[in-house]
Amino acid sequence: MSEADQNILSMEGISKTFPGVQALDDVSLSLKKGEILCLVGENGAGKSTLMKILTGVDKPDSGRIILDGKEIQAKSPQHAQSLGISTVYQEVNLCTNLTVAENILLGREPQKMRRIDWTKMNALASDTLKRLLGVDIDVTKALGSYTVAIQQMVAIARALYIESAKILILDEPTSSLDVNETEQLFKVMRKLKNDGVGIIFITHFIGQIYEISDRITVLRNGKLVGTYETSAITRVGLISKMIGRSLAEFDEMTKIKLESSKHIRSEALLQAKEFGLTGAIQPFNLDLHVGEVVGLAGLLGSGRTETASILFGSDKADTGSISMNGSVVQDYSPLSSIKRGVALCPEDRKAAGIVDDLSVRENIILAIQASKGWFKYLSLPEQYEIAERYIKLLNIATPSADQPVKNLSGGNQQKVILARWLAINPQILILDEPTRGIDVGTKAEIQKLVLSFAEDGKACVFISSELEEVLRTSHRIVVLREREKVAEFSGEVDENTIIHAIAGSEA
Amino acid sequence: MKKPTKQVLTWRKITESRLFFPIVALTLILLFDFIFIPGFFAIENREGNLHGSLIDIFRNGSTVMILAIGMTLVIATGGVDLSVGATMAIAASVAGILMNPSALKNEVFFITDPNYTFQPLWLVITAALAVSLICGLWNGVLVAYMRIQPMVATLILMISGRGIAQLITNGLRVQITYKPYAFIGQGWVVLPFSLYLVAIVFAITWFITRKTAIGMFIESVGINFRSSYFSGIDEKKIKLLVYTFCGFCAGIAGLVASSNIKTSDANNIGLTTELDAILAVVIGGTAMSGGRFSLLASMVGALVMQAITQSMYAIGVPAFALQAIKAVVVIFVILLYSDQVKGFVQKISAPKKEV
C-alpha cells in the first residue's frame, strides 16, 4: 500500500505491435518521487517505444498509465508536457541561432503592451537556469556559442520550465558529452532528484548507470526482464540480463570458431597495400586470407565504415592499391566489385540495404541481376528457386517470397540482404554492423553463418560496434582509431587488450 | 521447389490492384455519359471504319497515352519530365519544316497539293524522332550526371523548347498538307491509326520493362537509389534511359498532334499536355516519389483524363470553362486515391469477422 503511494508513475502491462514486429509485450514500469530510474536494454529492446507511449507519440495497444494516482493517456507530447511529463531527447532539438533565453521561453514569452518584454524574459530565463539547475550563464548569448552540455542543460531547463513537471525523461543525453560535461549534468540530475522530480534516464554507458541511478529496469526484445536495485546487482549480472546470453551458447560459439580456424590457409584472397582515402581513412595494409574472418574494431567514427566502403568501391580510394588473387584491381565501383566477388552489406539497412517496396524475391536477386546486366533477365522460376533456397537456408520468416520486404521485421530484412549477397556467391563478404537492432537469436545465427561462410574457402570482414561480438566471430582483429589502423591481433586475445588499443592507452 | 501459389481473385485482391481505382474512375465517368448524353456509346460504321464518341476518346487521348508511357517510367525513378509538351512542339516543327520549308524563306506558301513534300516521309519521321531523342538525352544527362533536380532540369527545356521550336520554323506556323503524314493522326484502319501507334509503343515498352530486368531496376532506383547503387545497379544509366525514352515518346506524340491539326504550331502544340500526362500517371497509381509502376494503369489514367474532356464538350461546357471543370473532376478522382478513402473502401469491402 505505502509503496504504491510513493509511485508518481506506473505503467502497467503495456503492449505495442508495429507491422511485423512486437515492439513491447506486457511491459510494466514504476517510478517513485525523487528517484532516478535507469531504463536499459540493447538496440531494439523497446526503450524508445516505451517512452514514446509515455509521452504520447505512440498509442499503446493495451495497458494503462497511472500518473499521481490518476489514469492518463497522453495524446501528444504537448499534452504529456501539460500533464507534467517532460522529455529531453538525445539530439538537442533547439534553435542554436537563438539566444538561450529565447530557447527556454519560446512560445511562452512574457509580454508587455503586446510586445515581448525582453528584460523580464532574460531575467526569467537566467533565474530558471540558476534556481532549477544551478547553472549561471549569460542567457542573451546565442545557444550555439555554448558547449553541447550547456545546450543539454538549456533543453532541460526548457522542459522543466513548466511549473508542474513531475517526471523528466532523459533519452541518452550523455552520448555526446565528455566526462566533465557528464559530471555537470549529473549534478543537475541530483539537484532535481532532491527537489522531488522523478527521472527516467536512458543510457548505454554501464558506468553512468551505477554512478547515478537508484533502480534499473531492463528490457530485452520488447519484454520486461526485471527491475533491480542498483546496489543489488553486479555489472556482469546486469550485462547478462541485458544481452540474455547463456554461458553454454558462448561456449558453443567458441568451439565453432576454433573448429573453423583450422580451415584458414596462408594464401591471401585480397591484399590492400597503402590503401586509403584522404579524410576517410589513413593508408593501411591489410591481407585477407582464405577461410578467415577479420574483425574491425573501433569506436564510432574511427574509420570502420570508411574502410569497408573503399574495399568495396562505393567510395573510391585515392592512394594505394588492392590486389585480388594476385592481380591488381583497376576499377572501383560496386558493380565491378560484385563481378569480382566482393560483397558489402552496408551499415544502414534502411537507407542503403533494403528496397522496401520490392518483394523478398526481388530483393534477393537484385545483386545477381545487376551483375548479369539489363537483358539477361532471370526467369521467374529461376528467381523463385533462388529466393526459396535462401529463405530456407537463412530461415527467413516471411509468408511468401512475394511479400514486400518492408513488412518483415528488422532481423529478417537483414537476412534478406545477406541472402542477396550470398546469392552472388562472393569470395569476400564485408559485413558492416550486420546485427544492429536485431534480436539476439538472429544475431547468433548470423554469427554462425559468417564462420561457416569463411570455412568454404572464402574470407569475411566483420564490423560491429559490439566488441564482444567481434571477438567471438573473428579469427583476427584489426583495431582502428581516429581513422587510422593502429593494431592487429590474431589468436586468443582478451577484451581488455583490445579496449586499451581502441582507447589508445597502454595495457 | 515450392511453386508460387496460384493467386485467387478475391474481392480484396481486386480492390488492392493498381488497376482498380483508375477503372472505377473511368467507369463512373462513362456511367455519367451513359445517363446524361444520349448516343454517347453509339458507334457507327462508315466504310468499314468505326466512329463515335467512345472511339474519339481513344483517338484524342492517344497523344496523352503515348506521353504517359514515357512519363510512367520517369516518375517511377522518382523524377518528372515537364518538357514533354515542348519536345512535342520541337518534333512537330522539325517534321513541318522538312515537309514545307517555305517558312525559312520568311514566306508562307499555301500549298494545296496533297502530294507535295520537300523531304521523303521516312526522313521527316526519323529526323523528328532523332531530335526528340536528343531532347530526352539532354534531360537525362542533366538529371543523372549533373545531379540537377528533375523538376528544375526539365523546366529548362520546357521553357526553352518552345523557343527552339520557333527558331526551327522561323517563328511561323507551318502548314502541312502532305497526305501520307496526315494519316498518322487522322488515318483510320477500322480503328484510328494513332491507336495502333499507342498499342505498338505500349507493347514494346511493356516487353522491355517486364521481360528484361530494366523494369525492376527502374522500380528499385525509384524506391531507394542508394540501396540500388550498393547492389551494383547503375542508377545513372537507368535514369538516362528513361528520360531519353520519355523524349522519344514525346516525339511520337508531337507527330500525332501536328498531323491531327495539319500544322506545326510551335506555340500551341503540346501546350500543358505535360500536366495531363503527369496526371494520367498519378491517376494510374504510380507514386510521384517513385517505385512500383503499372503501364496499363497509366493508360487507363490517360483515358480518364480524355473522357473527362470529351464528356464536358458533349454536355456543352464551353471551352474556356473546361479547365476549371476538369480540375474539379480531377480533385474528385485523386480523392479516391487518398489512403483514408482507400482504407474506408477496403474496410467496407472486407469480409465481416465471424464472432
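In the predicted model, helix H3 (residues 53–76) of chain B packs against H11(B) at an angle of about 175°, with the two axes 8 Å apart. Because angles over 145 degrees count as roughly antiparallel, H3(B) is roughly antiparallel to H11(B). H3(B) contributes residues including B:Ser62, B:Ile66, B:Leu67, B:Ile69 and B:Gly70 to this contact, and H11(B) contributes, among others, B:Phe245, B:Cys249, B:Ala253 and B:Ala257. By class, the contact of H3(B) with H11(B) has 17 nonpolar and 3 polar residues, with no charged residues.

B:Cys249 touches B:Ile66, B:Leu67, B:Ile69, B:Gly70 and B:Val201, when residues up to four places away in sequence are not counted.

The largest nonpolar core holds 171 residues, and those touching the most other members are A:Ile430, A:Val461, B:Ile66, B:Ala68, B:Ala91, B:Cys249 and B:Val304. Helix H11 (residues 235–261) of chain B supplies the largest share of this core, 14 residues. Domain 2 (245–341 + 428–437 + 450–507) and domain 3 (350–425) of chain A both give residues to this core, so the core lies between them. A second, separate core comprises 66 residues, among them A:Leu54, A:Leu168, A:Ile202 and A:Ile216.

The contact between the chains takes 27 residues from chain A and 23 residues from chain B. On the side of chain A that touches chain B, helices H12 (334–340), H13 (349–353), H14 (360–372) and H15 (380–393) each supply at least two residues. The largest share of that side, 6 residues, comes from H14(A). The residues of this side of chain A divide into 17 nonpolar, 4 polar and 6 charged.

Conventions:
Residues numbered from 1 in each chain as written. Chains lettered and ligands numbered in written order. Predicted model: local features only at pLDDT ≥ 70, side-chain atom pairs only at ≥ 80, totals over all residues. Contact = placed C-beta atoms within 7 Å. Helix = DSSP H or I, 4+ residues; strand = E, 2+ residues; numbered from the N terminus. Nonpolar A, V, L, I, M, F, W, Y, C, P; charged D, E, K, R; others polar. Core = buried A, V, L, I, M, F, W, Y, C linked by C-beta atoms within 7 Å. Buried ≥ 20, exposed ≤ 12 C-beta atoms within 10 Å, placed from the backbone. Domains from an automatic or database assignment. Axes fitted to C-alpha atoms, helices over the stretch in contact; angles between N-to-C directions. Parallel < 35°, antiparallel > 145°, perpendicular 65-115°, else oblique.
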